[in-house]
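Colleague: I would like to learn how to read a model like this one, feature by feature. Could we go through it together?

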Amino acid sequence: MPATRDAAAPRVHVRGVDRSGSLCFDQWLRHGDDPHRVLLAGGWQIDSLVSITTLRTPDVEIALDYRVARVPAQQPEAYDVPRAPGLIVADGERPVRFQRVAAYAVVTSDRGTLMSQASRRTGVAGQWGLPGGGLDADEDPDDAVVREVWEETGQHVQLSGPLDVVTQHWVGRAPSGRLEDFHAIRLVYRAGCATPTDPVVHDVGGTTAASAWMDGWQIGRVRVTRWAQPLLSRSYA
């Protein structure tokens with residue numbers, strides 16, 4: 001079954017740059033795949049994420065450029081696509097493949113780390129994570145994350161570079177109720193906020209219920225969505 005994408009979502013491809021600065025790998029990120037697995041399967045180990053670049057071809061595309069080193073190729077292990085907890089599927093109901101590209105940021109300031117709480121429109125209601133969201137049509141990811149952070153928290157931020165790309169693949173229901181084989185591609189940036197204020201959610205009725213500045217002790221006492229947990233500690237490296 002071919003994958004569909006968010007109406008605004010561009011195609012994403014994974015590129016590797018070796019120590020000499022030469023492009024040594026270039027492959028589309030297929031439905032359900034992850035950049036780390038893709039590169040390892042091609043015989044390349046990731047050293048760092050160099051850039052997230054928008055390519056203005058006839059259709060907007062995003063290139064993920066990684067600095068890589070040659071290693072023995074590792075074929076990815078097969079896995080069963082996980083299902084959302086409590087998911088009920090009717091007889092004969094088949095999930096629609098759907099891919100979504102979104103941009104997020106680990107934002108820090110002298111008030112701590114900026115966090116957003118998921119609303120009831122999501123499958124992780126009440127959990128805290130990173131501010132961000134889906135790209136608008138033809139929108140650059142770095143513009144999207146600045147816009148999304150403001151909509152969810154009211155903060156004006158300055159990006160300091162890419163942090164990582166995190167993917168998730170599961171079967172669950174969209175807010176509309178549609179059963180989806182969902183592939184989330186999350187582009188994550190480092191960012192700072194020079195003039196932090198009390199956070200406020202401007203996108204009322206969306207996927208964000210609340211936002212807050214938190215220190216490490218406070219973050220340790222709330223439920224943090226699983227995919228964001230390792231990024232919070234890495235952001236200070």
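Predicted model: local features only at pLDDT ≥ 70, side-chain atom pairs only at ≥ 80, totals over all residues.

Colleague: How many bridges join β4 to β5?

Modeller: There are 11 bridges between β4 and β5 (residues 60–70), and the two strands run antiparallel.

Colleague: Now burial. Is Thr-113 buried or exposed?

Modeller: Thr-113 belongs to strand β7 (residues 112–118). Its relative accessible area is 2%, and under 20% counts as buried, so Thr-113 is buried. Thr-113 and Asp-215 are 102 residues apart along the chain, yet their C-alpha atoms are separated by 6.3 Å.

Colleague: Which residues form an edge-to-face aromatic pair?

Modeller: A search of the whole structure gives three aromatic pairs. One that is edge-to-face is formed by Tyr-104 and Trp-227, with 5.0 Å centre to centre and 70° between the planes. This pair links distant parts of the chain: Tyr-104 is in strand β6 (residues 96–109), and Trp-227 is in the loop between α3 (216–219) and α4 (229–234), 123 residues apart. Tyr-104 is buried at 10% relative accessible area, and Trp-227 is buried at 11%. Elsewhere, Phe-98, Trp-170 and Phe-182 make up one aromatic cluster.

Colleague: Which residue lies over the face of Trp-28?

Modeller: That is Arg-11, at 3.8 Å from the ring centre of Trp-28. In the case of Trp-44, Arg-70 lies over the face at 4.0 Å from the ring centre.

Colleague: How many disulfides does the count come to?

Modeller: Zero, when a disulfide is taken as a pair of cysteine sulfur atoms within 2.5 Å. As for individual cysteines, Cys-24 is partly exposed at 25% relative accessibility, while Cys-193 is buried at 7%.

Colleague: Last, the charges. How many salt bridges does the structure hold?

Modeller: Side chains of opposite charge can pair when their charged atoms come close. The structure holds 11 salt bridges. In one of them, the side chains of Arg-173 and Glu-93 meet at 2.8 Å, N to O. That pair links distant parts of the chain, with Arg-173 in strand β10 (residues 158–173) and Glu-93 in the loop between β5 and β6, 80 residues apart. Arg-173 is partly exposed at 36%, and Glu-93 is partly exposed at 29%.

Colleague: What joins Asp-136, Glu-139, Arg-147, Glu-148 and Glu-151 into one network?

Modeller: Salt bridges that share partners do. Arg-147 meets Asp-136 at 3.5 Å, N to O. Arg-147 also forms a salt bridge with Glu-148, where the closest N and O atoms are 3.1 Å apart. Both Glu-148 and Arg-147 are buried, whereas Asp-136 is partly exposed, with a relative accessible area of 41%.

Definitions and conventions. Residues numbered from 1 in each chain as written. Heavy atoms only, no water. Pairing = 2+ DSSP bridges. Helix = DSSP H or I, 4+ residues; strand = E, 2+ residues; numbered from the N terminus. Buried < 20%, exposed > 50% of the residue type's maximum accessible area, 1.4 Å probe, protein only. Phe/Tyr/Trp six-rings, centres within 6.5 Å; stacked < 30°, edge-to-face > 60°. Lys NZ or Arg CZ within 6 Å of the ring centre and 35° of its normal. Salt bridge = Lys/Arg side-chain N within 4 Å of Asp/Glu carboxyl O.
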